[in-house]
Amino acid sequence: MIKGEEQLTSTPVQRHTMADYLSPHVRDIKPSGIRRFFDLVSSRKDVITLGVGEPDFVTPWHVREAAVYALEIGKTQYTSNAGMPELREAIGQYLNDQFAVEYNPANEILVTVGGSEAIDLALRALIAPGDEILIPEPCYISYSPITTLSGGVAVGVETFAEDQFKLKAETLRAALTPRSKVLILCYPSNPTGGIMTYEDWLPIAKLVEEKDLIVISDEIYAELTYGEKHVSFAAMPGMKDRTILVSGFSKAFAMTGWRMGYACGHSDILSAMLKIHQYTVMCAPIMAQYAALEALQHGLEEKDRMVEAYNQRRRLVVKGFRDIGLDCHEPQGAFYAFPSIVSTGLTSEEFAQRLLEEAGVAAVPGDVFGLGGEGHLRCSYATSVTNLTEALDRIGQFVYKLNQQR
């Protein structure tokens, strides 16, 4: 026997499951409530889906053609890590023209793989372990998990239907602690469709400055407003250097699958985000960047036509829910309605599950969006009028049967 072999073989070996090797941060995060629910839809036929936040419009042909042409002439290389200079210049011009915010394309604009990467980069660049990240809720479901993965602590700040889901300064102030560092904003809101006006932003901006916060403003739905024009938080007095503006092409330009986003902000923060970006994805795909450039240069009329179509659908859906007997605040932005289903006596999860099983309509239970989401249902109206009309008819019949059973 080799010297020492007896000692090695006599020691019990601690066996681990594969899950034991995972980071606790990853292991403990719940899967997406939206995706989990829509996994149930894939096996069913004759289901009308009002769930996934994706335009039903196809990317305009001339935008697709720009990507095709880029391939044809051999544009298949890496671009600058920050994105093609001409695209960054076009983004800067567009933001200045549309929302009165001005950024230097050389060092204050970063092209990312969708708006989601921009949010991830911003949080990873800013968070130190234990920092508290304030998140108005109900909200887009990714903010809290990304915060956790970055070592931060997500702190929900509830908004309410009676306030049209606007963020109130007094509610935000009550959530602040000495560890508060970043405020994430998403207006127009996913899932509520709420917006913030200049007057709404003023007390928030004052509090941000008073408490020395940094803001990540997710403005992916900025172009989708109905009546009031979107006011960028970065355009508020004194807020530009405190704000990382995140947006992209997915929603307003019907380019979800292209994964084209961008972040704008102070050069010091953008430089830190760029370091993470260059070590992880290198750069956004060049063909998609050419498509995005075409969308900005020649696609604004199509964008406006899509917004008008959403507006027509919005009015149809809000009236439809109210006629059914479900309270529904009027969304002023994005393409979601967020009706209350409290009157039915069911939880959001129960209502959504039964609506799918008994009526063949898929929508997202509101509780997956955090504080204030329970008792609501997120319904996307980014689908055809025909589908929306049929879905409302099915929901009406479903609610009528529920009322008969009570």
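Let me start inside a sheet. Strand β5, residues 180–186, and strand β6, residues 214–218, pair in the parallel sense over five bridges. Pairing here requires that DSSP finds at least two bridges between two strands. Strands (E, at least two residues) and helices (H or I, at least four residues) are DSSP runs, numbered from the N terminus.

A quick word on the source. This is a predicted model, where local features need pLDDT of at least 70 and side-chain atom pairs count only at pLDDT 80 or more, while totals for chains, interfaces and linings use all residues. Residues are numbered from 1 along each chain as its sequence is written, and side-chain values use heavy atoms, with hydrogens and water left out.

Back to β6. Which residue of β6 is the bridge partner of Leu185? It is Ser217. Buried means under 20% relative accessible area, exposed means over 50%, and partly exposed lies in between (1.4 Å probe, protein chains only). Five of the five residues of β6 are buried, so the strand is largely enclosed by the rest of the structure. In a regular strand the side chains alternate between the two faces of the sheet. Look at β6 with that in mind. Ile214, Ile216 and Asp218 point one way. Val215 and Ser217 point the other way. All of them are buried.

Now zoom out to the whole sheet. Seven strands form an open sheet, ordered β2-β8-β7-β6-β5-β3-β4, with mixed pairing. At the edges sit β2 (109–113) and β4 (153–158), each of which pairs on one side only. Neighbouring strands of this sheet are turned by 25° against each other on average, direction ignored.

A helix goes with this sheet. Helix α6, residues 114–126, lies across β2, β3 (132–137), β5, β6, β7 (243–248) and β8 (260–264). It runs at about 120° to β2. For angles, axes are lines fitted to C-alpha atoms, for helices over the stretch in contact, and values run from 0 to 180 degrees between N-to-C directions. Contact means heavy atoms within 4.5 Å.

Two residues in this region deserve a stop. Arg124 is in helix α6. Is Arg124 buried, exposed or partly exposed? Its relative accessibility is 38%, so Arg124 counts as partly exposed. Leaving aside residues up to four places away in sequence, Arg124 touches Ser150, Ile276 and Thr280.

At 10% relative accessibility, Asp131 counts as buried. Its touching partners, again not counting residues up to four places away, are Leu126, Gly152, Val153, Arg179 and Lys181. With Lys181 there is also a side-chain polar contact of 3.2 Å. A polar contact is a pair of N or O atoms within 3.5 Å; within protein, one must be able to donate a hydrogen and the other to accept it, and residues adjacent in sequence count only if both atoms are side-chain atoms.

Next, helix packing. Helix α4 (residues 61–72) and helix α11 (residues 286–298) pack at about 140°, their axes 8 Å apart. That makes α4 oblique to α11. The cut-offs: under 35 degrees is roughly parallel, over 145 roughly antiparallel, 65 to 115 roughly perpendicular, and the rest oblique. From α4 come His62, Val63, Ala66, Ala67, Ala70 and Leu71. They meet Met287, Tyr290, Ala291, Glu294, Ala295 and His298 of α11.

Then the other pair. Helix α13 (residues 348–359) and helix α14 (residues 385–405) pack at about 110°, with axes 10 Å apart. These two are therefore roughly perpendicular to each other. On the α13 side we have Phe351, Arg354, Leu355, Glu358 and Ala359. On the α14 side are Arg394, Ile395, Phe398, Val399, Leu402 and Gln405.

After α14 comes the segment that holds Arg406. Arg406 is exposed, with a relative accessible area of 63%. Which residues does Arg406 touch, not counting those up to four places away in sequence? Ser343, Thr344 and Gly345. Gly345 is 61 residues away along the chain, yet the C-alpha atoms are separated by 9.0 Å.

Last, the other sheet. Three strands form an open sheet in the order β9-β12-β11, with antiparallel pairing. Its edge strands, β9 (336–337) and β11 (364–365), each pair on one side only. β9 and β12 (residues 377–380) share two bridges. Ala337 has Cys379 as its bridge partner in β12.
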